[in-house]
Amino acid sequence: MTNNLKCPCGGDYAEQSLSYSECCEPFISGSAKPEHCEQLMRSRYTAYSLAKVDYLMATWHPSKQADLNRQELVQSAESTEWLRLEVVKSHQQGNNGVIEFNAWFKDSDGQGQKSEMKCLHETSRFEKVGEQWYYVDGDVESPGLSSSGLSKVGRNDPCPCGSGKKYKKCCG
């Protein structure tokens with residue numbers, strides 16, 4: 001990914017979309033640490049988008065890391081096309097944070113065919129240990145539902161990926 005491309009997390013700060021190099025790359029490369037739990041969540045979304053599994057594993061809470069399966073994370077990252085992230089609510093108090101978000105994606109069937117667009121709706125919990133934020137766990141409220149999280153998107157409906165195009169001309 002080149003440095004001037006928009007960050008996959010859609011990092012919009014002060015009404016300006018940041019490039020990958022200005023947004024999540026410093027966290028994923030290890031040259032900076034997220035100061036806020038939302039920065040960690042956005043950088044983890046970007047890491048999923050770019051299959052940066054080492055970052056995902058390193059930012060899972062230390063109490064959960066022993067249960068991680070690196071190969072499963074690699075397979076999941078490589079078979080999923082992440083399309084768009086929407087932060088619904090973000091709350092941080094002290095060393096704890098909770099973020100509710102929607103993440104739109106398409107899965108691969110193993111033969112290169114992508115599924116219809118789906119939405120992952122999750123409320124995630126984060127904890128800061130020392131100077132590092134970690135993902136603790138999350139409640140998935142709508143696994144595998146279609147792009148709106150409620151029902152299927154019509155061919156002529158606006159695409160939920162945020163492009164402004166009709167679904168049939170974009171992700172459909």
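**Cysteines and the nonpolar core**

User: What is the relative accessible area of Cys-9, and is Cys-9 buried or exposed?

Analyst: Happy to start there, with the reminder that this model is predicted. The cut-off for buried is under 20% relative accessible area. Cys-9 falls below that cut-off and is therefore buried, its relative accessible area being 1%.

User: How many disulfides does the structure hold?

Analyst: A disulfide needs two cysteine sulfur atoms within 2.5 Å. For Cys-9, the closest cysteine sulfur belongs to Cys-23 and is 3.6 Å away, so it is too far for a bond. The sulfur of Cys-24 has its closest cysteine partner in Cys-7, also too far for a bond at 3.6 Å. The number of disulfides in the structure is zero.

User: Which element gives the most to the largest nonpolar core?

Analyst: That core has 30 residues, and Cys-9, Cys-24 and Trp-82 are among those touching the most other members. Several elements supply at least two residues each, including α1 (25–29), β3 (80–93) and β6 (132–140). With six residues, the top contributor is α2.

User: Where does Thr-123 lie, by strand?

Analyst: Thr-123 is buried at a relative accessible area of 15%. Its contacts beyond four places in sequence include Val-98, Ile-99 and Asp-137. The strand that holds Thr-123 spans residues 118–129 and is β5.

Technical notes:
Residues numbered from 1 in each chain as written. Predicted model: local features only at pLDDT ≥ 70, side-chain atom pairs only at ≥ 80, totals over all residues. Heavy atoms only, no water. Helix = DSSP H or I, 4+ residues; strand = E, 2+ residues; numbered from the N terminus. Buried < 20%, exposed > 50% of the residue type's maximum accessible area, 1.4 Å probe, protein only. Contact = heavy atoms within 4.5 Å. Core = buried A, V, L, I, M, F, W, Y, C linked by side-chain atoms within 4.5 Å.
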